[in-house]
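Visitor: I would like to learn how to read the features of a model, one at a time. Could you give me the general idea first, and then the case at hand?

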Amino acid sequence: NPELLPTAVNITWSSINFKTILQWQPKPSGYRYTVEIHGQTSDTKKKCILTEETECDVTDALRNVKETYTAHILSVTPSGMDNFEEPPFAVSEKFTPYSQTVLGKPEIWNYAQKGSKLNVVFQDPLTPYTFPNGSFQSIRDIFQHDLEYKLSYWKDQSSGKKDATTKSHTFEISVDSAKNYCFYIQGIVPSRRETRDGQESMVLCTSVGRNILDEYGAEVFIIIAVIAIAIITLAIVLSVVLCKRKKVKAARERKPLNSV
């Protein structure tokens, strides 16, 4: 009896750069799942038909990214899709890709600190959606003017952080030319109420005129000095010992001559 089949629980949407995975529980035993994606205006789309998995990539069913969707996860027997009875199903929370997908890490292409300017060039994350010519759309292609990027930067080995924003692919920041700086970038959609800030890129640091003292601090110099003193002391002690031995040896070699 299909009405007795367990229905899905803990249904979650997981979405980064518009690649969207639907996940749920429990693992099916003796039955399967079929996912239906219901949009407000679009036709219902079936995905992962008769799957024994508990996740489904629904990215291509959410191409109208500004539409709000719900997922129905149907519990069906392997032969039950032919029945005209409505199978039992669970309904997900609503999901709107445009306002809920997480912005992934931007890729930093190039950076340089010249004089009192720090220049950073980066690339937009790509989405799984393509243009008619087959090339992938970036998040900027979808968000347009809604997208900006934030650069967080600070003097190396200090904790005071500053921010700058841009709508282009580059940052040019005024910095102290004598200091090195570390930074990371993340995408932002300021119009969002939630998940405004995207994932942070890797942290990178400049290295202009960096000397060993800046990098390792005075402790290393103290250790080097102590080792150097120890080596010099050892050299002096060894040379004194060797010198004494030579004198003793020379004295011994002279004794037989005196006795003649």
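Visitor: How do the residues of the lining of the largest pocket divide into nonpolar, polar and charged?

Guide: Ala, Val, Leu, Ile, Met, Phe, Trp, Tyr, Cys and Pro count as nonpolar, Asp, Glu, Lys and Arg as charged, and the others, Gly among them, as polar. By that division, the lining of the largest pocket has 6 nonpolar, 8 polar and 5 charged residues. Please keep in mind that this is a predicted model, in which local features need pLDDT of at least 70 and side-chain atom pairs count only at pLDDT 80 or more, while totals for chains, interfaces and linings use all residues. Residues are numbered from 1 along each chain as its sequence is written, and side-chain values use heavy atoms, with hydrogens and water left out.

Visitor: What is counted as a pocket, and how much space lies in the largest pocket?

Guide: On a 1 Å grid over the protein atoms alone, a pocket is an open set of points where a 1.4 Å probe fits, with protein on both sides within 12 Å along at least five of seven lines, and its lining residues have an atom within 4 Å of a point. Grid points are joined across faces, edges and corners, and the volume is the space filled by probe spheres set on the points. Here the largest pocket holds about 380 Å³. Its lining is made of 19 residues, of which Ser-99, Gln-100, Thr-101, Glu-194 and Thr-195 are the closest to the centre.

Visitor: Which elements and domains supply the lining of the largest pocket?

Guide: Helices (H or I, at least four residues) and strands (E, at least two) are DSSP runs numbered from the N terminus. Strand E1 (9-16) and helix H1 (97-100) each give at least two residues to the lining, and the largest share, 5 residues, comes from E1. Domain bounds come from an automatic or database domain assignment, which gives domain 1 (9-99), domain 2 (107-209) and domain 3 (215-252) for this protein. At least three lining residues are drawn from each of domain 1 and domain 2, whereas the centres of domain 1 and domain 3, taken over C-alpha atoms, are separated by 77 Å.

Visitor: How should I read a strand such as E6: is it mostly covered or uncovered?

Guide: In a regular strand the side chains alternate between the two faces of the sheet. Buried means under 20% relative accessible area, exposed means over 50%, and partly exposed lies in between, with a 1.4 Å probe and protein chains only. In strand E6 (residues 69-76), 8 of the 8 residues are buried: Tyr-69, Ala-71, Ile-73 and Ser-75 on one side, and Thr-70, His-72, Leu-74 and Val-76 on the other.

Visitor: Which strands pair with E6?

Guide: Two strands pair if DSSP finds at least two bridges between them. Strand E3 (residues 32-39) pairs with E6 in the antiparallel sense over 8 bridges, and Gly-39 stands opposite Tyr-69. Strand E7 (residues 89-91) is also antiparallel to E6, joined to it by 3 bridges, with His-72 opposite Val-91. In the loop between E7 and H1 lies Phe-95, which is buried at a relative accessible area of 3%; although Phe-95 and Thr-70 are 25 residues apart in sequence, their C-alpha atoms are 6.4 Å apart in space.

Visitor: Where is a positive phi found in a residue other than glycine?

Guide: Gln-144 has a phi near 55°; this residue lies in the loop between helix H2 (139-143) and E12 and is partly exposed, with a relative accessible area of 48%. Gln-157, with a positive phi of about 70°, lies in the loop between E12 and E13 and counts as exposed at 63% relative accessibility.

Visitor: What does UniProt list for residues 220-243?

Guide: UniProt positions are given in the numbering used here, feature names are shortened, and annotations may be inferred rather than shown by experiment. The unreviewed entry annotates residues 220-243 as "transmembrane region"; in the model this span is 100% helix and 0% strand, and its end C-alpha atoms lie 34 Å apart. UniProt also lists "domain: Fibronectin type-III" (unreviewed entry) for residues 5-79, a span that is 0% helix and 55% strand, with its end C-alpha atoms 14 Å apart.
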